[in-house]
Amino acid sequence: MTRALVLGGGGVAGIAWEIGLLAGLAEGGVDVTRPDLVVGTSAGATVAAQVTSGVGLAELLRRQTDPASQTPELAADFDLDRLTELFGLDVDGDPVGTRRRIGRSALEAPTVPEERRREVIAARVPVDVWPATPLRLVAVDAATGLERVFDADSGVGLVDAVAASCAVPVIWPPVTIGDARYVDGGIRSAENADLAAGHDLVLVLQAMAVEELSGLGPQVEALRAGGSEVLVVGIDETSLAAIGPNPLDPTTREPVARAGRLQGLAAAAEVAAFWG
């Protein structure tokens, strides 16, 4: 029986929710952070690097809920309507063309310097070493629109891979790796759950349920058609209320992580029955 954990995007608040949820599940008796594969996109890439680093969930939760232990973050404005339009508008049924258009917008947008943003990501990642647990972290080449799935064999440092996956277009700078520049893997899919194909059990944490930005439904159907059992745990109303209008606001971390932990405790029995 093989297991995959899929961690979706959702901004800095999404990180807090996923850590809180995973900690609550563990407190409730089911630790899902030692699967055969972790797929991480954007916020989920950060969480993937954190939960496979050797730092325990209780400590990772403390780093979200204790303001004195939180890593430094950059505040950013969040316009959901603008991002939905930017991410979700397909160009003549050509998703790669759509991604190239988004990539051009990202390359042209004024943002903080790339190195300043990388410092934020480096502070999030406990160790810049790929873990023993297989990770697949998703980004998109800003010039070609093609996805890039980073793993331990990519020849790319973990921090750089996480930074690329988290580079929200027009908000954060594209990330330079070699001769290419990469943007958020969420422009391919907020979850990229299809990358878990071939695993018997696939647990998906969906931190941002905006269908135009996700495409999760068809991916789940395809996984099930391929023989996988799939459980999607979406963010609950209490956690959504804690996030408020801006999931990129660092001040949401404490209340969202606490709400996520309570949701994890409540969901532990269901997840345990699925995970085995």
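Reader: How much space lies in the second largest cavity?
Author: This is a predicted model, in which local features need pLDDT of at least 70 and side-chain atom pairs count only at pLDDT 80 or more, while totals for chains, interfaces and linings use all residues. Residues are numbered from 1 along each chain as its sequence is written, and side-chain values use heavy atoms, with hydrogens and water left out. A cavity is, on a 1 Å grid over the protein atoms alone, a set of points where a 1.4 Å probe fits but cannot get out, and its volume is the space filled by probe spheres set on the points, which are joined across faces, edges and corners. For the second largest cavity, that space is about 100 Å³.

Reader: Which residues that line the second largest cavity are the closest to its centre?
Author: A lining residue has an atom within 4 Å of a point of the cavity, and 13 residues meet this condition here. They divide into three charged (Asp, Glu, Lys and Arg count as such), eight nonpolar (Ala, Val, Leu, Ile, Met, Phe, Trp, Tyr, Cys and Pro) and two polar (the others, Gly among them). The closest to the centre of the cavity are Gly11, Val12, Arg117, Arg124 and Trp172.

Reader: Which element gives the most to the lining of the second largest cavity?
Author: Helices (H or I, at least four residues) and strands (E, at least two) are DSSP runs, numbered from the N terminus. Two or more residues of the lining come from each of α6 and α1 (11-27). With three residues, the element that gives the most is α1.

Reader: How many residues apart in sequence are the parts that arginine 118 and aspartate 160 tie together?
Author: Side chains of opposite charge can pair when their charged atoms come close. Arginine 118 and aspartate 160 form a salt bridge (a side-chain nitrogen of Lys or Arg within 4 Å of a carboxyl oxygen of Asp or Glu), with their closest N and O atoms 2.7 Å apart. Because arginine 118 lies in helix α6 (residues 114-124) and aspartate 160 in helix α7 (residues 158-165), the parts that they tie together are separated in sequence by 42 residues.

Reader: Is arginine 118 buried, partly exposed or exposed?
Author: Buried means under 20% relative accessible area, exposed over 50%, and partly exposed in between, with a 1.4 Å probe and protein chains only. Aspartate 160, its salt-bridge partner, has a value of 22% and is partly exposed. Arginine 118 stands at 27%, so this residue counts as partly exposed.

Reader: Which residue forms a salt bridge with arginine 188 at 2.8 Å?
Author: Arginine 188 forms a salt bridge with glutamate 147, where the closest N and O atoms are 3.6 Å apart. This pair links distant parts of the chain, since strand β4 (residues 147-150) holds glutamate 147 and the loop between β6 (180-184) and β7 (201-206) holds arginine 188. The salt bridge whose closest N and O atoms are 2.8 Å apart joins arginine 188 to aspartate 194.

Reader: How many salt bridges does a search of the whole structure find?
Author: Among the residues involved, Glu59, Arg62, Arg63 and Asp66 are joined into one network by salt bridges that share partners. Over the whole structure, the number of salt bridges found is 13.

Technical notes: On a 1 Å grid over the protein atoms alone, a cavity is a set of points where a 1.4 Å probe fits but cannot get out, and a pocket is an open set with protein on both sides within 12 Å along at least five of seven lines; lining residues have an atom within 4 Å of a point.
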